[in-house]
Amino acid sequence: MNRPTSLPKPFDLARPIIGAPMAGGPSTPELVAAVTNAGGLGFLAGGYKTPQQLADQVTATRKLTVGPFGVNLFVVAANDADEEELDAYRRELQYDADRYGVEVGAQKWDDDMWTGKLEVINDLRPDVVSFTFNCPEADVLTTLNRSGIHTAVTVTSSAEAQTAAERGARTLIVQGPHAGGHRATFDPAAEPGTEPLPDLIRSISATLNLPIIAGGGISTRHEVQEILDTGAAAVQLGTALLLADEAGTNAAHRAALRDPAFTETKITWAFTGRPARGLRNRFMDEHDRRCPAYPQIHYITAPLRAAALANNDQQALHLWAGTGYRNARTGPVADIIADLIP
Ligand SMILES: Cc1cc2nc3c(=O)[nH]c(=O)nc-3n(C[C@H](O)[C@H](O)[C@H](O)COP(=O)(O)O)c2cc1C
């Protein structure tokens, strides 16, 4: 078996910890810089932001650390969403909208301002750029590689890893089935993979000789060691950092992660039209349908989620969390990481 190679220069880690990009608030410049300053490497989340907001965050992060950090972008593929199904879902959500006196959102597709964000990457040149939801075309990866920006693509299966390698990704971020937040599965209509993370790492590294960063449900020192023992060069932590002092996680989400009333996580398509793991709540249970239409459903539910947040209604919010959420602890990132280093 080929062992995944060690991480290349831009990572140069004192500690084999990558701070997962977490769009929607948690990944502040403070969080990203704190992970880097603790000897790991932090990632800004480019998803949902405008190019200007992303540029401002890169600049802000640079004021907080001289070390390397990455930027993550969503790769949003076109889809042929079923308009009738989307209309039916909008009608189904009317009850939730009436509860708050808001309108159900309009369905629309966009590419999350892909071109503008790539321009930000080219102008501001973060050390690493990672991609999720799909794999960019080979010319995008090749151009970035040639310009000295290290490329990483998130994959959830051997087939996706193969595609990423063929198109020029320099590092693979292997996301296992216990991960919090969106699954990176290229095809949101497909059943997200269930192969345990250590097995997935082994099968990918048996055929591809690229460095592997692995994440998904890792929340203890023992699990960090187990993943490093499979040959991963570093582990990627998301949920374990959600309660960190430096994270921008909202108060309702923070409280839910610590509330014993939430007893499990579950994968749902209901909030965004992409499979994502979060704390199981009423909204997930009532809208247990698989309508793989991202970002149309993200936009349809957006006003409802905003109203739920304003009303501190954890039963209608997307409370992204990996299966290890019970081990997430509060405090400075440096302490959280120190606790998890074998
Ligand atoms: C709140 C939240 C937001 C996330 N947002 C992103 C994102 O913007 N881009 C991305 O590549 N992954 C995102 N992820 C997934 C992480 O990159 C990573 O795969 C996951 O956090 C690992 O599992 P864990 O949460 O159990 O540590 C997010 C995860 C969480 C919990």
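**Note on the aromatic pairs and the ligand site**

1. The structure, a predicted model, holds 6 aromatic pairs. Rings of Phe, Tyr and Trp (its six-membered ring) pair if their centres lie within 6.5 Å; planes under 30 degrees apart count as stacked, over 60 as edge-to-face and the rest as tilted. Phe133 and Tyr294 form an edge-to-face pair, with 5.3 Å centre to centre and 75 degrees between the planes. This pair links distant parts of the chain, 161 residues apart: Phe133 is in the loop between strand E4 (128-132) and helix H6 (138-146), and Tyr294 is in the loop between helix H11 (282-286) and helix H12 (296-310). Helices (H or I, at least four residues) and strands (E, at least two) are DSSP runs, numbered from the N terminus.

2. Around the ligand there are 20 residues (a heavy atom within 4 Å). Pro21, Asn72, Gly217, Gly238 and Thr239 come nearest. The shell divides into 8 nonpolar, 12 polar and no charged residues; Ala, Val, Leu, Ile, Met, Phe, Trp, Tyr, Cys and Pro count as nonpolar, Asp, Glu, Lys and Arg as charged, and the others, Gly among them, as polar.

3. Which residue has a side-chain N or O atom 2.5 Å from an oxygen atom of the ligand? It is Thr239. For the side chain of Gln175 the corresponding distance is 3.1 Å, while a backbone N or O atom of Gly217 lies 2.7 Å from a ligand oxygen atom. The elements giving two or more residues to the shell are strand E3 (69-74) and strand E9 (234-237).

4. Residues are numbered from 1 along each chain as its sequence is written, and side-chain values use heavy atoms, with hydrogens and water left out. In this predicted model, local features need pLDDT of at least 70 and side-chain atom pairs count only at pLDDT 80 or more, whereas totals for chains, interfaces and linings use all residues.

Technical notes. A polar contact is a pair of N or O atoms within 3.5 Å; within protein, one must be able to donate a hydrogen and the other to accept it, and residues adjacent in sequence count only if both atoms are side-chain atoms.
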